[in-house]
Amino acid sequence: MAGPILSLDDVSISFKTINGKVRAVRHVSLEVRRGECYALIGESGSGKSTLAFASMGYLPANGSIDSGRILFNGEDITGYNHAQLEKLRGKHVGMVFQNPHTAANPCYTIGEQLTEGIIYHEGISRAEAEERALAMLEAINIPDPKRILERYPHQISGGQKQRITIAQALLSHPDLIIMDEPTTALDVTTEIQFLRLLEDIRSRMDVAILYITHDMGIVARLADRVGVIYAGSLVEEGSRETMFRHPAHPYTQGLMHSIPSIEMDRKHKGYSMPGLLPNLISLPPGCAFAPRCSVAGECCSSLPEVRLIPSEDGVEHRVFCHHAGAPLSFATGTVEECVCHDEEGVACSEPLLEVRNLKKYYEHSTFTDRLLRRAPRCVYALDDVSFSIMPGETLGVVGESGCGKSTLGKTILRLTEATGGSIFYKGEDITHKHSQSLCKSIQIVFQSPDSSLNPRHSLYTILSRPLLLHGIASGRAELEKRCFRLLDMVSLPRTYLYRKPHQLSGGEKQRVAIARAFAVHPSFVVCDEVTSALDVSVQASIINLLQDLQREFQTSYLFISHDLSAVREISQRIAVMYLGRLVEVGSTDQVFQPPYHPYTKALLSSISLPCIPQPHQSILLEGQIPSPANPPSGCRFRTRCYRTQCEACASVQPDMVFRDGHGLACHLDRAVLEADTPVFPESFLS
Amino acid sequence: MSPVYILKRFCFMLVTLFCISIIIFAITMVLPGNLAQVILGEFATDDALRALEEQMGLNLPFYEQYGRWIWGVLHGNFGHALSMDQPILPLLLFRLKNSAILAAFSIVIVTIIAIPLGVFAALRRNSAVDRIIQVSSYIGISVPEFATGSLLIIALAGPVLNLFPSAGYVPFSEDVPKALSHIVLPVMTLVIVLIAHIMRQTRSEMIHVMQSDYVRSARLRGLSNTMVVFKHALRNALMPTITVLALDVGYLIGSVVVIEEVFAYPGIGRLIVYAVTSRDVPLLQATVLTVACVYCLVNFLADLAYGLVNPRIRYHS
């Protein structure tokens, strides 16, 4: 067996803060072997990134390694000086970060940034370094590498940037690359290209990868071995197969069950793990997971020893739990469809909201343009979008970033004026109407509660503001009573009322944002990527909450997300957008089964599922998403379409053609599309 | 840098200057007091007043008066200074040159001292050295200019250490060492006043940039500390500093009256004050417009410097 590249031996790391010592990593031992891909998974705040940075000898000034050794190729790096660390980082370990947009210096060309490291460490000439950079870009199939080298970071796309970061990490021929959530900031279609590249690199180069993520689908695709970290401790480790098929630690099992997944029965509620990550300053003795664990007993107040569980494939399976393998129940209730009735008990047939040929063009003309009377340049953010939403219904909107889905939400809220088309609410044209009562009926929940909740206000102020504004309640006593009810509604303890947002966890903050939206009993709520900023273990609970509220108040949702699994779970119907236009609309089952719009099929097939092996083939979309300022003629998707095209594709914009309420905007024959093979096997979509 | 970008910024500057000239002219027009009255004195007859108004074009509509004035200005004719009875242009150029000398020395020295200080303070954030740098630069900016100037005079030009002349002016064309020794004290005072501006701006931006992802990424690529700080961080941190530098140059040209007064230095600031007190409207217009031109020009240069530092600006035009 190959020796380990990186080996952590009983490592503990802590940070000094004003509130006390944060014990971010506690007694972690693990090793990454030569040429393998080791996935480290855990929630945010679990210490996985701290471990990664510590492995490169990089800790902030207030951090320190309290115990243990970090061995790189058998050498302890904890005592390394500056020069040794520089050499380690520059030659032996590469790193890929989460956000490709901020990881490159905007002032220097890609070429400059690629080559400076090897010039510095290997003392080679600039010309030689450039040659090597060029060869590396070619090796990882980046189109037009010569020009890329001369470009500045802001001139290339995110997916491209992330590939270049990989080239950068590989350039010094390192033994190990550490990747910290490298695809979190990317679209699924870009993510799949990135993952393919990684697979390709692993098959050709002898490099080990430490992959940090919370995305189980990616773990299932890439990893050889998996380590699960909870509150700074490794709780379980084993081969990918073992971890997915026979997870033994209650936390791992809970994590596996809380992933919203395509294969889940939509009628079942998603499982969400109860409780919160413990405070790392005042940790209880014993197992850190015990307070959230359903099988915890008295023995759990002592630290669990490592247990070895025999595995089918012979790869060591370590679990740190007193009750490893104990049977657990993850049964959840079922979701009742929300059917809306009027006073006489007749199901509603009139749509609550209807959008007809909605257009939003962002025009911008420069001074010279106006002087020369040139037509303004347009960004076609929304073009001829039509759909309707019934009372109590959820319409999911999916598409890559920049496809106009957020603009759609904003335009419906009339935060931005529509350029054309109309919006009807309960049959009334509200396209250009602004009134207090409409604001009350139509609300929004934003992606990041960190920026949508005022950090200086207490929850009381945040929640009572809309009540006061719309004259629903007044007077301290009444407002307080109402706020308590709102907190109850979103399952937050009443004691939170005078807390500020920063004292809450991410999921709790999002609950506050939802409570604020529901304070005025809206009949329509735009949910703009509400789960994207949250941990997997929390996402399910937010979706459950939204579904519960929907049933109670018969609210309709426009659920905007790039996470197809989450959209599938909550939506009755789904709309797929591409470059400002709808390409497909239909019930959730219709969209997930043929006939597909070619774009929908590509989107669906790009999902990484937490299954081994992946049950589906991925379609890689060629090229970049075109600019909405200069969309292709005819069908907007034609420049990336992988199907044989007809003449009309390049010249005529396809109309949305409906059959059984399932609309497709594609020139291809419906029969051809119907004959398409399903992306997921029948058994998957129950 | 693309010529389009430069041209755009240049046109922008011209438009700004045009607007400023209108504002300046309009303000001097609505100032209380009739120009003819000022010239002829309190006891002038109505006829004499009217005749002079006619002669000077004061009875013409606003746009015509403005047109005549700006036409003259564009041809280098700023008119006559009423209070001194001599053409304005040579006077103005002389004062502008003096102010420019003072400004140039001050800004160069401030840049050389304050930017490294700021970087150093940022890297040693919250240390004793950082605190000392911050506090002393604050003292420099908070003590009134005349106090700093006077203290310097007492310390360096007083009876104990008579190193430099305490006031006055010698042209560089006459005697360079002597001219230099005359501007040492005013330049010192200005530097003390301005260091805090530049130092603080550099420090805060540097702290911000040092926490950015690309600096972390540069560090984790194994680059040396020197490369991380000076190549990756400093260049990005300089943008706001350039803005402040440009504003400071404008300030140095037009608004250092107190220091010119303390050191009896013939700069343009004192000329403006003189024009105001002696109600010399043409001189006032000319001096204020000159200072405005300097502000605009410096900001234009700052725009070009942005483009040099940051490629995103360079390529977005």
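This short talk walks through a predicted model with chains A and B.

First, the ground rules. Residues are numbered from 1 along each chain as its sequence is written, and chains are lettered from A and ligands numbered from 1 in the order in which they are written. Since the model is predicted, local features need pLDDT of at least 70 and side-chain atom pairs count only at pLDDT 80 or more, while totals for chains, interfaces and linings use all residues.

Let's start with chain A as a whole. Chain A holds 23 helices and 24 strands. Those are DSSP runs, numbered from the N terminus: helices are H or I with at least four residues, strands are E with at least two. The C-alpha atoms of chain A fill a box of roughly 75 × 65 × 50 Å along the principal axes. Of its 686 residues, 48% are buried. Buried means 20 or more other C-beta atoms within 10 Å of the residue's own, with C-beta atoms placed from the backbone.

Now the strands. Two strands pair if DSSP finds at least two bridges between them. Strands β1 (4-17) and β2 (20-33) of chain A pair antiparallel over 9 bridges. They make a hairpin, with 2 residues between them. Which residue of β2(A) is the bridge partner of A:Phe15? That is A:Val22.

Next, an open sheet of 4 strands in chain A. Its order is β14-β13-β16-β17, and the pairing is antiparallel. β14 (377-389) and β17 (428-429) of chain A stand at the edges with a single partner strand each, so one side of each has no neighbour in the sheet. Inside the sheet order, β13 (353-364) and β16 (420-425) of chain A pair over 5 bridges. There, A:Glu354 stands opposite A:Phe424 in β16(A). Helix α12 (405-412) of chain A packs on this sheet and touches β13, β14 and β16 of chain A. Its direction makes about 70° with that of β14(A). For such angles, axes are lines fitted to C-alpha atoms, for helices over the stretch in contact, and angles run from 0 to 180 degrees between N-to-C directions.

On to the interface. 23 residues of chain A are in contact with 20 residues of chain B. Contact means C-beta atoms, placed from the backbone, within 7 Å. On the chain A side, α2 (82-92) and α3 (110-122) give two or more residues. The largest share, 5 residues, comes from α2(A).

Last, chain B. It is divided into domain 1 (3-83) and domain 2 (95-277), with bounds from an automatic or database domain assignment. The centres of these two domains of chain B, taken over C-alpha atoms, are 36 Å apart.

Key:
Two residues are in contact if their C-beta atoms, placed from the backbone, lie within 7 Å. A residue is buried if 20 or more other C-beta atoms lie within 10 Å of its own, exposed if 12 or fewer, and partly exposed in between; C-beta atoms are placed from the backbone.
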